[in-house]
Amino acid sequence: MKKIAFAILAAALVLSFGFAGCAKKGSGKVKIGVSMPTQSLQRWNQDGSNMKTQLEAAGYEVDLQFGGDNDIPTQINQIQNMIAGGVKAIVIAAIDGSSLTEVLKEAKSHNIPVISYDRLIMNSDAVSYYATFDNNLVGVMQGKFIEERLGLPAAEGPFNIELITGAPDDNNIIFFFGGAMSVLKPYIDSGKLVVKSGQIERAQCATPNWSTEEAQKRFENLIQTYNYRPGGTKLDAVLASNDSTANGVTNALVGAGWNKDNFPILTGQDCDKPSVKNMIAGTQTMSVFKDTRTLATKVVSMVDALMKGSNPEVNDTSTYNNGTGVIPSYLCEPVVVTTANYEEMLIKSGYYKAQDIQ
Ligand code: BGC
């Protein structure tokens, strides 16, 4: 009897060690690579963690990497490691949309599908799908906001405005800036809007890495040169393509003496916490909310469809040509946020806790 009990115990031990050993070797789950550009901006941390949580909930193992502080070689290296590590699909938000052509050839040769996340990866036929928000609409919303707040169709003007957009190597700025200018340019042409600096070309308004510091520097220069101050040259509006650049503008304007009672209309995008605080304080006027949870859900469903051998859902097959052809895309809907609706959009929806933005 003792011998039998011992044998059962020994067998149980062997089995359990055996299983433990197996579990250590690998989860047996399909691995998905997620490559995000930087941890220095709030939105990409959220995007990364939403993607990881939702992919894991769908049963995948996740290799999530952030490209240092917008460091292109780091991102390329991380993608190479993902390929070597046996991922079955890669989701990438590129730092520089044009720098991944070579590494993605490797992905393609391993039959690893690539989904371009938020930003379009250029010049690579390895990109299977693209999911983003409607970037042109983001720009149109910003332009229309300024148009409405200044009452441009009826007002006599002229109004002074300056423009700032994001990273020159981010394909999205073509749409953000282009969408906004589709509304504002006719008023600039007619003289109702005046850009004293004359900087109205996208390249002149670009900000390396979407950097707050660079945006602040450029606006400090503009303030210095054109005397944009209360009591000096009036500044009616600033078109900023996103929150990180808007924050630089806010810093420069506050430094020049503007305050909540006379602050120029200032646009943004992302509803980053500092910008929501600025809106509440009256030193930014609007932001465009792109719920990163929605984008992650969409991309996870794309990955899942690909892994199950079916076709992901898309809603745009004409807008986004990456130089190798049009990439089938899914565009999520952005929403304008101001102090009038931020509680509903950001707090009640569970995106932020009230104390996050106090
Ligand atoms: C994103 C924006 C973001 C910007 C800076 C863009 O590609 O679409 O939401 O503000 O990058 O990170």
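**View 1. Placement of the two domains.** In this predicted model, the C-alpha centres of domain 1 and domain 2 are 30 Å apart. The assignment for the protein chain, automatic or taken from a database, places 28–134 + 291–332 in domain 1 and 136–289 in domain 2. Residues are numbered from 1 along each chain as its sequence is written, and side-chain values use heavy atoms, with hydrogens and water left out. Local features need pLDDT of at least 70 and side-chain atom pairs count only at pLDDT 80 or more, whereas totals for chains, interfaces and linings use all residues.

**View 2. The interface between domain 1 and domain 2.** The contact (heavy atoms within 4.5 Å) takes 16 residues from domain 1 and 16 residues from domain 2. About 1400 Å² is buried between the domains, with 46% given by carbon and sulfur atoms; buried area is the accessible area (1.4 Å probe) that two parts lose on being put together, summed over both.

**View 3. The salt bridge of Asp 170 and Arg 119.** One salt bridge is found across the interface of domain 1 and domain 2, the term denoting a side-chain nitrogen of Lys or Arg within 4 Å of a carboxyl oxygen of Asp or Glu. Asp 170 forms a salt bridge with Arg 119, and their closest N and O atoms are 3.0 Å apart.

**View 4. The largest cavity.** Thirteen residues line the largest cavity, and Trp 44, Arg 119, Trp 210, Asn 242 and Asp 270 lie nearest its centre. A cavity is a set of points on a 1 Å grid over the protein atoms alone where a 1.4 Å probe fits but cannot get out, and lining residues have an atom within 4 Å of a point.

Key
1 Å grid on protein atoms, 1.4 Å probe; cavity = no way out; pocket = protein on both sides within 12 Å on 5 of 7 lines; lining within 4 Å.
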